[in-house]
Amino acid sequence: MASLRCRRATTVLSINQTRSISSVRRLELPGTSITHGIPSQNRSLTSDLPWYRSQGRHFSSETKDTNESSEGEDDDDDYEEVEREYSPAEKVEAAAEIGYKVMGPLKSSERLFKPYEPVFAVVQIGSHQFKVSNGDSIFTEKLKFCDINDKLVLTKVLLLGSASQTIIGRPILPDATVHALVEEHALDEKVLIFKKKRRKNYRRTTGHRQELTKLRITDIQGIEKPEPKIVHKPSKAADTFCLKRRIAFCCCF
């Protein structure tokens, strides 16, 4: 009895399987074939559709790359250095804060250089102070808004001195001025900057050259200047006469 029941169960299962396979065959799409109940696709169904042909394939990696590249371009544009354009009034204000005023270029007919005068001044340019006299040359940090052969007036004068008097400002002398001429724009000697962090394998070496401006002091105003003493040199005839007298005096003894 048990064997007969098993045989009947297997026959029922086989009949059900054949019915399911036939139903699947009825639902089979054109372009697919069923083997052992598993459909295998011979060709892509979507490739025959007109909307698929018109549209191209889009991969997620390409979209990310394009987005990243566009963001990188935007960042590069943000970091580009743009030189600021100053108006004439802004140039005058910025120069006054540093301590100078541009008077214009030097003309070929002008003669600014004078003989030495026993007068000195202490001038502030930016954050530095200089003791200058007529004819001295100084190097300052690069001054904006001035070119070579431009005449400058240094307005921040802290002290004036001569052999007879000394004038001290509180902190600046309003009536004192120092005139200068721009001779050149140059670079200072290279300075090496070395950084190290021990036990971190960190070493960095960089260099720096400071931009400088060379100024020639032409005149100092705001203090009484002593009159130059005129020293008369003896003539050559008098020198020879004195020499002969000395020789004759030595020969007598």
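A pocket, as used here, is an open set of points on a 1 Å grid over the protein atoms alone, where a 1.4 Å probe fits and protein lies on both sides within 12 Å along at least five of seven lines; its lining residues have an atom within 4 Å of a point. Grid points are joined across faces, edges and corners, and a volume is the space filled by probe spheres set on the points. The structure is a predicted model, in which local features need pLDDT of at least 70 and side-chain atom pairs count only at pLDDT 80 or more, while totals for chains, interfaces and linings use all residues. Residues are numbered from 1 along each chain as its sequence is written, and side-chain values use heavy atoms, with hydrogens and water left out.

The largest pocket holds about 300 Å³ of space. Among the residues lining the largest pocket are E83, R84, K142, F145 and H185. Sorted by class, this lining has six charged, four nonpolar and one polar residue; Ala, Val, Leu, Ile, Met, Phe, Trp, Tyr, Cys and Pro count as nonpolar, Asp, Glu, Lys and Arg as charged, and the others, Gly among them, as polar.

In the second largest pocket there is about 150 Å³ of space. Its lining includes M103, K114, L152, H179, T218 and D219. Two or more lining residues come from each of β7 (150-154), β10 (177-187) and β13 (211-221); such strands are DSSP runs (E, at least two residues), numbered from the N terminus. The lining of the second largest pocket divides into five nonpolar, four charged and three polar residues.

N134 counts as buried because its relative accessibility is 7%, where buried means under 20% relative accessible area, exposed over 50%, and partly exposed in between (1.4 Å probe, protein chains only). Beyond its neighbours within four places in sequence, N134 is in contact (heavy atoms within 4.5 Å) with residues including K114, P115, T218 and D219.

The side chain of N134 reaches the backbone oxygen of P115 at 3.0 Å. P115 sits in the loop between β3 (100-105) and β4 (119-125), and counts as exposed because its relative accessibility is 67%. From C-alpha to C-alpha, P115 and N134 are 7.8 Å apart in space and 19 residues apart in sequence.

Elsewhere, L192 belongs to strand β11 (residues 191-197). At 64% relative accessibility, L192 counts as exposed. Its C-alpha atom is separated by 6.9 Å from that of T205, 13 residues apart along the chain.

Terms used: Helices (H or I, at least four residues) and strands (E, at least two) are DSSP runs, numbered from the N terminus. A polar contact is a pair of N or O atoms within 3.5 Å; within protein, one must be able to donate a hydrogen and the other to accept it, and residues adjacent in sequence count only if both atoms are side-chain atoms.
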